[in-house]
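Welcome, and please open your viewer. We will go from one selection to the next, with a short note at each stop.

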Amino acid sequence: MVMIVLTAACWIVAPVLFRPPTGGVWPQFAELGHFILSAPASSGRLLPGKATTLYELALDLELKQAHRGPGTQLLGALALSLLYVLMCVATVWEQMPAPLFAWAITFCVKAVWRLSGMKQAGLVNIVFHLLLPVVLFFSGSLVENFGFSSLLLSMIIFTHIMHTVKVFWWFVARLVLPKGSPLGYDRVVHLLYDFGLGYQLQVYAAVVVLAVQALCELLLCLLDLPYLRLRTWALLNRRVSEGCVARMYGSAPTPAGGAGDTAEAAPIAI
């Protein structure tokens, strides 16, 4: 577990730490945030070409996964579900109504909105993402012996149960639906993806990664303030940094024990 956490931290921090100093990083964060939180296309279909939103990218991966032997995936999901049943204590199962109630509320809201035919704007998409954690927070009062750790474990198990149900319907749709049916296999996968928890969890994970990278970038910007440049001095070789820092920033303080950033090197005899 420690190695997994360290690997995830390095995966998030390393690209920010070793990125060359530049002033255009915040527009990149804004563009990435727009990519994550943009509303799905109103047509409900994947457009050819490069994905423009996280929804399109995740749906494309979902469709590819659904065509990779749903029967084998169902057996693996059922085996893991059985393992959860044998390992978890009764306290965890007592918290299960909370995530179930939260998902049911979000399911009803999404279903009513889709039946209304109204376009899902960007603000509405953000409200949908905020609805699940808010309802989950207040639904904790509906269960006895409420505990945050138990609720977190029950949410993990509930997410896997939802995944198992999704794969089960993949398997049934592959067996039942004839080829050329109006309600094609890809359409079933799309509906299960919209009303499940997969897309929402991917959005939450992407927002967490974006927030952690933004905090790291803010800290490094503070370390690279004028007359400090601690990050740049630490990443560069002592000899190389004397000239590079001056060129990148226009001016830099003279490092301790050095000859100065603006000093020119003596010509080398050939």
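Select D60 first: D60 is partly exposed, with a relative accessible area of 29% (buried means under 20%, exposed over 50%, partly exposed in between, with a 1.4 Å probe and protein chains only). This is a predicted model, where local features need pLDDT of at least 70 and side-chain atom pairs pLDDT 80 or more, while totals for chains, interfaces and linings use all residues. Residues are numbered from 1 along each chain as its sequence is written, and side-chain values use heavy atoms, leaving out hydrogens and water.

D60 and K64 form a salt bridge, with their closest N and O atoms 3.4 Å apart (a side-chain nitrogen of Lys or Arg within 4 Å of a carboxyl oxygen of Asp or Glu). The two are four residues apart in helix 3 (residues 54-66), so about one helical turn separates them; helices are DSSP runs of H or I, at least four residues, numbered from the N terminus.

Next, show E62 and K166, whose side chains meet in a salt bridge at 2.8 Å, N to O. E62 sits in helix 3 and K166 in helix 8 (residues 148-176), so the pair ties together parts 104 residues apart in sequence. Are E62 and K166 buried or exposed? Both are buried.

Move on to Q73 in helix 4 (residues 70-87). Q73 is buried, at 18%, and its side chain reaches the backbone oxygen of Q65 at 2.8 Å.

Terms used. Polar contact = N/O pair within 3.5 Å; in protein donor to acceptor, adjacent residues only side chain to side chain.
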